Every structure is written in C-alpha cells, then in structure tokens.
Amino acid sequence: MQRLGCMPNVDTYNALISAHGRAGQWRWGLNIMQDMLRAAIPPSRSTYNNLINASGSRGNWREALKICKSMTDNGVGPDLVTHNIILSAFKGGSEYARALSYYELLNGTNIRPDTTTLNIVLDCLVKLGKYDDAMNVFNTMRSKKSDCRPDVVTYTSFMHMYSICGEVENCRAIFDTLIAEDLKPNVVAYNALLGAYASLGLSESASLVFDKMRQNGMHPDVVSYTSLLNAFGRSQQPHKAKGVFDMMRRNSCKPNLVTYNALIDAYGSNGFLAEAVELLREMEQQGIQPNAVSFSSLFAACGQCHQPLKLDSLLRAAEMRRIELNTIAYNSSIGS
C-alpha cells in the first residue's frame with residue numbers, strides 16, 4: 001500500500017487490528033498500534049476498542065484492563081462498547097464476580113447499560129448460582145419501563161439456569177415465552193432446551209426438540225448431537241445413542257471429547273463394557289485424548305459388569321497416559 005503511494009490512516013490500522021483480533025493474535029494488534037503512534041497517527045476510540053476486544057475475547061482480562069487504562073490516560077474515554085468488551089473479557093476468563101463488581105462501578109457513571117450489558121450480568125449471576133438476583137435482572141428487563149428489552153441471549157441464559165436446577169418445565173416455559181415474544185430461537189436456545197431434557201434422560205422430548213430444530217431450518221451442531229446422544233444414554237438406550245453418533249458423522253459433524261465421553265457412559269452404564277473400551281481406542285485414533293471423565297465411566301462399567309481384572313488394566317492405562325484421576329474417578333474404581 002505504501003509502495004503505491006497510499007499512506008495508511010486510522011481506519012487502515014483499525015481494520016488490521018480487528019483482523020488480527022479475530023485470528024486471536026492480540027499481540028500483533030499491540031504492535032500495530034505502536035506503528036500507529038510512530039507514524040504520528042493518534043489511536044481512536046475504535047482502535048482501543050478493537051484492541052481490547054482482541055485480547056479480551058480470549059479471556060485475557062488483565063491485558064484488556066491495561067489497554068483500557070492506557071486509553072483513559074491518553075485522553076480517549078471509554079464508551080459503553082468498551083465496558084461491554086471488558087465485561088465479556090471477565091466472563092470469558094470465568095471471572096464472574098469481577099464482572100459483577102465492574103458492573104457496579106459502571107452504575108456509578110453516566111453510561112447507561114444496554115441489553116448486551118445486562119445479558120453478560122445475567123449470565124454471570126447464573127454461573128455463580130445467584131438465581132434470585134438473576135431473576136430480578138430478568139424481571140427488570142421485561143418491565144414496560146425498561147430500555148433494555150430481553151433478546152434471545154437473555155432467554156437462553158434463563159433456560160440454562162432452569163436446566164442446571166433440573167426444572168425442565170420452567171426451561172420449556174421460557175422457551176415458549178421466547179417464541180411468544182416474536183423472537184426466533186437460535187441453535188444455542190434449542191441446545192439449552194435439549195440439554196435440559198437430556199440431563200433427565202427424557203429422550204422422547206429431546207428427540208422432538210431435535211426434530212423441530214431441523215424442521216425450522218437449524219443445523220444441529222456438536223452440542224445438539226451430544227445432548228441427544230446423552231438423552232438416549234441416560235434412558236438406557238445405548239444403541240440409539242450410537243445411532244445419533246453415526247448420524248452426526250454422516251452429517252459431517254465431528255464428535256469431540258464430550259461426545260465420546262457421553263457414548264462411553266451410555267455403553268458402560270448399560271453393561272456394554274467391551275463397546276465402551278473400544279470407543280476409548282477409537283477416540284485416540286481420531287486424535288482425541290481421553291480424560292478423567294472417560295476413565296471414570298469405564299471404571300464404573302467394570303463394577304457393573306463385575307470385571308475387577310479389567311479395572312486393573314484400565315487403571316494402568318490411565319497412569320500410562322498420565323491422566324490425573326479426580327475424586328470421582330477414584331470413587332468409581334473403589335466402587336468397582
């Protein structure tokens with residue numbers, strides 16, 4: 001560009017920083033801003049926001065805060081977009097309490113939160129188990145006086161809350177309310193409902209949601225398939241769980257570690273130890289390393305199938321792979 005006599009301006013640099021941010025290369029973004037300063041081009045608010053987002057999107061909230069401070073020191077005040085990016089960075093780094101503290105500080109400024117802000121706060125409250133506070137935020141958003149109306153993300157966070165609590169009927173009611181509000185559920189919303197049914201082994205209801213999802217033009221992702229698989233496993237239908245596993249591969253959806261663990265558990269908890277062990281070999285052939293959850297399911301299966309010798313072999317296999325077994329895994333082996 002410069003060789004052609006076209007000098008880059010602030011928009012050029014902003015586009016470069018944004019591109020590197022999307023690629024997860026936030027350090028490159030920092031270098032580009034240093035190039036801006038050397039070229040005597042003052043960074044704009046968009047420059048800083050792009051850079052904060054580049055680091056914060058990876059959960060690197062400390063670096064995001066540093067950039068925000070330098071932004072203020074250089075006379076470029078943060079706006080609502082900046083604060084939402086910082087809140088997202090805290091959430092991405094699992095610093096839910098910090099996010100809520102930051103939100104309280106934000107309330108002391110003249111910057112008013114929007115729906116994105118409150119969605120982040122709501123999700124953090126749910127993650128921390130502060131369900132009453134989450135309900136208060138939700139009700140505030142739904143009030144007629146609110147400028148921050150709930151959207152699909154809002155309702156989905158609430159569905160996750162009820163799913164965690166095992167209140168599948170309330171989860172369904174929130175999903176139905178979402179539709180009644182003329183909002184279109186996305187894949188994440190469908191997955192929240194699928195997960196709620198799957199956690200209780202309600203395979204028929206989970207299948208209906210999965211089918212409805214596809215009828216409405218949604219493409220199930222790895223979470224969708226894994227939830228349906230899990231529903232069949234928990235309802236003692238391991239062969240139907242395997243059918244879901246085969247279907248997802250036919251549809252070019254690659255199983256991940258959680259998928260394999262769910263199928264191992266489906267086989268193991270229903271007495272199919274050989275099939276469960278074979279899956280362990282298959283996942284490693286696919287480049288997916290088993291973890292403590294994988295072996296916990298296998299240990300429990302050994303007990304159910306009365307195979308103490310197989311348990312010894314699996315304990316050695318876990319040790320050989322340097323897998324750190326947690327309390328649940330050891331309890332499963334002791335129970336066997």
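In the predicted model, Asn-84 touches Asp-114, Thr-116, Thr-117 and Ile-120, leaving aside residues up to four places away in sequence; contact here means heavy atoms within 4.5 Å. With Thr-117, the side chain of Asn-84 also forms a polar contact of 2.6 Å. A polar contact is a pair of N or O atoms within 3.5 Å; within protein, one must be able to donate a hydrogen and the other to accept it, and residues adjacent in sequence count only if both atoms are side-chain atoms. Asn-84 belongs to helix α5 (residues 80-92); helices (H or I, at least four residues) are DSSP runs, numbered from the N terminus. Its C-alpha atom is separated by 8.6 Å from that of Pro-113, which lies 29 residues away along the chain. Asn-84 counts as buried because its relative accessibility is 9%, where buried means under 20% relative accessible area, exposed over 50% and partly exposed in between (1.4 Å probe, protein chains only).

Residues are numbered from 1 along each chain as its sequence is written. Because the model is predicted, local features need pLDDT of at least 70 and side-chain atom pairs count only at pLDDT 80 or more, whereas totals for chains, interfaces and linings use all residues; side-chain values use heavy atoms, with hydrogens and water left out.

Beyond four places in sequence, Asn-191 touches Met-213, Asp-221, Val-223 and Ser-224.

Helix α4 (residues 61-73) comprises 13 residues and reaches 18 Å from its first C-alpha to its last, close to the 18 Å expected at 1.5 Å a residue; the expected span is 1.5 Å times one less than the number of residues. The buried residues of α4 are Trp-61, Glu-63, Ala-64, Ile-67, Cys-68 and Met-71. Seen down the axis of α4, these residues fall within an arc of 160 degrees, so they line one face of the helix; the arc is that of the directions from the helix axis to the C-beta atoms. The face turned away from this buried side carries the exposed residues Arg-62, Lys-66, Lys-69 and Asp-73. Just after α4, Gly-75 takes a positive phi of about 80 degrees.

The largest nonpolar core has 99 residues, and those with the most contacts inside it are Ile-52, Phe-158, Leu-263, Phe-295 and Leu-298. Such a core is a set of buried Ala, Val, Leu, Ile, Met, Phe, Trp, Tyr and Cys residues joined through side-chain atoms within 4.5 Å. Helix α11 supplies the largest share of this core, nine residues.

Phe-158 counts as buried because its relative accessibility is 0%. Leaving aside residues up to four places away in sequence, Phe-158 touches Leu-122, Ala-134, Met-135, Phe-138 and Ile-174. Rings of Phe, Tyr and Trp (its six-membered ring) pair if their centres lie within 6.5 Å; planes under 30 degrees apart count as stacked, over 60 as edge-to-face and the rest as tilted. By this rule there are nine aromatic pairs. One of them, Phe-158 with Tyr-162, is edge-to-face, at 5.8 Å centre to centre and 75 degrees between the planes. Both residues lie in helix α9 (residues 152-164), four residues apart, about one turn of the helix. Ring pairs link Phe-138, Tyr-155, Phe-158 and Tyr-162 into a cluster.

Terms used:
Helices (H or I, at least four residues) and strands (E, at least two) are DSSP runs, numbered from the N terminus.
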